[in-house]
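These notebook entries record what I looked up in one structure.

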Amino acid sequence: MKVHKIAVIPGDGIGPEVIDEGVKVLQRIAELDGSFTFEFDYFPWGCEYYAKNGKMMDDNGLDILKNYDAIYLGAVGFPGVPDHISLWDLLLKIRKGFDQYVNLRPIKLLNGIPNALSNVPRENIDMLFIRENTEGEYAGAGDWLNKGREDEIALQTGVFTRKGVERIIRYAFEEARKQGKSLTSISKGNAMQYSMVFWDQIFEEVANEYPDVKIDSYLVDAASMLLIKDPKRFEIVVTTNLFGDILTDLGAALAGGLGLAAGANVNPEKTFPSMFEPIHGSAPDIAGQGIANPMATVWSASQILDFFGYEQWGNQVIQAIEKTLVDKKVLTPDLEGSSTTADVGDEIINNLVKIK
Ligand code: ATP
Ligand code: MG
């Protein structure tokens, strides 16, 4: 029996509440399948840990996590702990430390969720964003000169390495080929004459190796408009760290909001574990009430299944979420329901269909 070891970091606020449901779903799937199993180890890292220990995670946290096949994270951050600590000392430390250079954000409007775009058929909102996750505009390079003076200057430098750009673009081409879909690059070559021209050039170079993949390229401003006016154009999308950050929030809004948006931070070479999480935060306003929507976290469980090669099960999970949405019987308050987090998890499990 194949065993997949998963490090669970429930984190803060609603993190522990939603992660319980994701773990339940994964356990149930392993039972239904019978050919593999998951082993979950829990780590109490996050803001509460910070309050007691002055740090977000164990000093040798990365050494500990290194031995796992995947990391499953609830949410980190809480009022009182500045973002630069909660984010940098845990999330970004793991992303960078484990070279998780691919950020995968599925954007698919499931049946049962209202369509925000009256001009667009709902099935046209179905895409996968692949965001560069380690460099670019968020590399942390720059300077702050002449502080407090009239000639004060803040410089924020985008760092684009050939290695970094090429590997994310290549990953995106592989994904497009595997799925038989088109690939769209989003950049800004007309206004940023170094980094974005370099990005576009590498996109063209790599495209030559994938003549079978249909490609497109848009400026980020045009892409923002087209995502609303004609989202059908977008199937697989590859873009930079900053543009991906912004556009995937727009995408989340198209696909039903934070309660449904999942994200994977992937190290494709599997040198290090990849990390799976809902993209929402710890939602302090509703924490402890048992009413958080676990669907984003369950969706990221489906990404874990895809990542381990159980794509059929990954699809099953999405279908079970969709059935729950369409039935409208068991939903949390954010989706106009009155059920609890655990009820929704149970309902998704009830809606799972055995594959073999
Ligand atoms: P971050 O922690 O990344 O800074 P944030 O504080 O901007 O994020 P969240 O913590 O995600 O945002 O919460 C934003 C709003 O969305 C809150 O009102 C929160 O209650 C709601 N929300 C977030 N996630 C969920 C969820 N899973 N179910 C229901 N409501 C949610
Ligand atoms: Mg928050």
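**Entry 1: The whole chain**

I record here that the model is a predicted one. I then took the inventory of secondary structure, which comes to eleven helices and twelve strands.

For the overall dimensions, I found that the C-alpha atoms fill a box of roughly 55 × 50 × 40 Å along the principal axes. I next compared the radius of gyration with the value for a compact globule: for 356 residues that value would be near 21 Å, and the protein has 20 Å, so the two agree. Of the 356 residues, I noted that 47% are buried.

**Entry 2: H1 and H11**

How are H1 and H11 oriented to each other? I found that helix H1, residues 15-33, packs on H11 at an angle of about 20°, and that their axes are 9 Å apart. Angles under 35 degrees count as roughly parallel, and H1 and H11 are therefore roughly parallel to each other. The crossing of H1 with H11 is right-handed.

I listed the residues that make the contact. H1 contributes Glu 17, Val 18, Glu 21, Lys 24, Val 25 and Arg 28, while H11 contributes Thr 341, Ala 342, Val 344, Gly 345, Ile 348 and Ile 349. By class, I recorded six nonpolar, two polar and four charged residues in the contact of H1 with H11.

**Entry 3: H7 and H8**

I turned to helix H7, residues 220-229, and helix H8, residues 241-254, which pack at an angle of about 10° with their axes 11 Å apart. That angle makes H7 roughly parallel to H8.

Which residues of H7 and H8 meet? I found Val 220, Ala 223, Ser 224 and Leu 227 on the H7 side, and Phe 243, Leu 247, Leu 250 and Gly 251 on the H8 side. The residues of the contact of H7 with H8 divide into six nonpolar and two polar, with no charged residue.

**Entry 4: H9 and H10**

I then examined helix H9, residues 295-307, and helix H10, residues 311-327. Their axes come within 7 Å and cross at roughly 165°. H9 and H10 are therefore roughly antiparallel to each other, and their crossing is left-handed.

On the H9 side of this contact I listed Met 295, Val 298, Trp 299, Ala 301, Ser 302, Gln 303, Leu 305 and Asp 306. On the H10 side I listed Glu 311, Trp 313, Gly 314, Val 317, Ile 318 and Ile 321. The contact of H9 with H10 comprises nine nonpolar, three polar and two charged residues.

**Entry 5: Thr 134**

I located Thr 134 in the loop between strand S5 (126-132) and strand S6 (136-145). Is Thr 134 buried or exposed? I found 21 other C-beta atoms within 10 Å, and Thr 134 is therefore buried.

Leaving aside residues up to four places away in sequence, I noted that Thr 134 touches Lys 96, Asp 99, Tyr 101 and Gly 164. For Asp 99 I also looked up the C-alpha separation from Thr 134, which is 7.3 Å, although the two are 35 residues apart along the chain.

**Entry 6: Leu 62**

I found Leu 62 in helix H3, residues 61-65. Leu 62 has 16 C-beta neighbours inside 10 Å and so counts as partly exposed. Leu 62 and Ile 94 are 32 residues apart in sequence, yet I found their C-alpha atoms 7.0 Å apart in space.

Most residues other than glycine have a negative phi. I looked up two residues with a positive value.

Asn 146, which is not a glycine, has a positive phi of about 55°. I placed Asn 146 in the loop between S6 and strand S7 (153-159). With 10 other C-beta atoms within 10 Å, Asn 146 is exposed.

Lys 328, likewise a residue other than glycine, has a positive phi near 60°. I placed Lys 328 in the loop between H10 and helix H11 (341-350). Lys 328 has 11 other C-beta atoms within 10 Å and is therefore exposed.

How values were computed. Residues numbered from 1 in each chain as written. Chains lettered and ligands numbered in written order. Predicted model: local features only at pLDDT ≥ 70, side-chain atom pairs only at ≥ 80, totals over all residues. Axes fitted to C-alpha atoms, helices over the stretch in contact; angles between N-to-C directions. Helix = DSSP H or I, 4+ residues; strand = E, 2+ residues; numbered from the N terminus. Parallel < 35°, antiparallel > 145°, perpendicular 65-115°, else oblique. Left-handed = near helix turned anticlockwise from the far one by under 90°. Contact = placed C-beta atoms within 7 Å. Nonpolar A, V, L, I, M, F, W, Y, C, P; charged D, E, K, R; others polar. Rg over C-alpha atoms; globule rule 2.2 N^0.38 Å. Buried ≥ 20, exposed ≤ 12 C-beta atoms within 10 Å, placed from the backbone.
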